[in-house]
Amino acid sequence: MSAIKAVVFDWAGTMVDFGSCAPVRALKAVFADAGVPIGDGPARRYMGMAKRAHVTAILSETETGDLWRAKKGADWTEADIDELMAALEPAMRREAEATAELIPGALEALEALRARGVQVGSTTGYTRTMMAGILPRAADQGYRPETVVCAGETREGRPAPLMIWKALVELGAWPTDAAVVVDDAAVGVEAGRNAGCWSVGLAGSGNGVGLPLADYLDLSPQDRATRLAEAAEAHEAAGADVVIESVAQLSQALAIIDDHVARGLKPGQADCVCIAPVRA
């Protein structure tokens, strides 16, 4: 039997929405409507954080802050964040629902976990409202995690471990090193490390490369390898125990973690293992 009792997945870029594209599209649209356009860089830099914190981080960048001041005639305020969030909730819900297709290999990974008797939970930087359209679409495709913890349901979001701990409490899974956190964003990997869990980073399917599946598959082997290596390095720096290309390789990652456990190791005590083709 595996020593792993629970796996806690992120959503966009991890189980659905290859490339984690929905948050970027929604954020760019909302900022553009406010007269302060942003690029992919600011939208992706803080991916995985609770969305209010994400918006605040974007506004706190010098370039965005300067653009806001030039457009509005004053520095941004908490009231401005309230207005942006009021626009972002429906925009994010629309984009998230439109991109809620399961990532290739996700269902097979879930079936393998069920066969091992491993419980499945989830956390997300989306609010409960933003998740409203994703949950039924995921369920229709066969993905129904036992628990879903959303942004705003704990005092702090990632990289704090609180959402993960809440999920584990609801699953009744302990100790924390009997759980694995799977995330495509470095801040989610860091949250897993802070929670005392094993952390698996996804280099290809999520924020690191940031491409829809069709565009990702169109990359040349060399370009893909380069992008995967850069994403893998970010996950390793965040504290990942294992880095894989996508959730389709999860069984391989769990085999490595099982081996670490058998050798008496705890999360963070072994060098990060990057599974090919992450480093081609």
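# Exercises on pockets, cavities and helix packing

The largest pocket holds about 220 Å³ of space. A pocket is an open set of points on a 1 Å grid over the protein atoms alone, with protein on both sides within 12 Å along at least five of seven lines. Its volume is the space filled by probe spheres set on the points, which are joined across faces, edges and corners.

Before you start, note that this is a predicted model, in which local features need pLDDT of at least 70 and side-chain atom pairs count only at pLDDT 80 or more, while totals for chains, interfaces and linings use all residues. Residues are numbered from 1 along each chain as its sequence is written, and side-chain values use heavy atoms, with hydrogens and water left out.

## Exercise 1: The largest pocket

Work out which element gives the most residues to the lining of the largest pocket.

Step 1. Go back to the pocket with about 220 Å³ of space. Of its 15 lining residues, R45, A185, A186, N207 and A234 are the closest to the centre; a lining residue has an atom within 4 Å of a point.

Step 2. Look for elements that give two or more residues: these are α2 (40–45), α9 and α11. Helices (H or I, at least four residues) and strands (E, at least two) are DSSP runs, numbered from the N terminus.

Step 3. Pick out α11, which gives the most, with four residues.

Step 4. Sort the lining by class, and you get eight nonpolar, three polar and four charged residues. Here Ala, Val, Leu, Ile, Met, Phe, Trp, Tyr, Cys and Pro count as nonpolar, Asp, Glu, Lys and Arg as charged, and the others, Gly among them, as polar.

## Exercise 2: The second largest pocket

Step 1. By class, the lining splits into eight nonpolar residues, one polar and three charged.

Step 2. D17 sits in the loop between β1 and α1 (22–33).

## Exercise 3: The cavities

How many cavities of 30 Å³ or more does a search of the whole structure find?

Step 1. The search finds two. In a cavity, a 1.4 Å probe fits but cannot get out.

Step 2. The largest cavity has a volume of about 90 Å³. It is lined by 14 residues, with D10, A12, G48, K51 and G125 nearest the centre. Five of the lining residues are nonpolar, four are polar and five are charged.

Step 3. The second largest cavity holds about 40 Å³. V8, F9, D10, T123, R158, I164, V181, V182, D183, G188 and A191 form its lining.

Step 4. At least two lining residues each come from β1 (6–9), β4 (179–183) and α9 (186–195). The largest share, three residues, is from β4.

Step 5. While at R158, check the peptide bond to P159: it is cis, with omega about 10°. P159 belongs to the loop between β3 (147–149) and α8 (162–171). Another cis bond joins W174 and P175, with omega near -5°, and P175 is in the loop between α8 and β4.

## Exercise 4: Two helix pairs

Describe how α9 packs against α11, and how α3 packs against α5.

Step 1. Two packed helices are described by the angle between their axes and the distance between the axes. Axes are lines fitted to C-alpha atoms, for helices over the stretch in contact, and angles run from 0 to 180 degrees between N-to-C directions.

Step 2. For α9 and α11 (residues 221–238), the angle is about 25° and the axes are 8 Å apart. That makes α9 roughly parallel to α11 (angles under 35 degrees count as roughly parallel, over 145 as roughly antiparallel, 65 to 115 as roughly perpendicular and the rest as oblique).

Step 3. The contact (heavy atoms within 4.5 Å) joins A186, V189, E190 and R193 of α9 to A234, H235 and A238 of α11.

Step 4. For α3 (residues 51–60) and α5 (residues 78–98), the angle is about 125° and the axes are 10 Å apart. The two helices α3 and α5 are therefore oblique to each other.

Step 5. In α3, the residues K51, R52, V55, T56 and L59 meet E78, I81, D82, L84, M85, L88 and M92 in α5. This contact has seven nonpolar residues, one polar and four charged.
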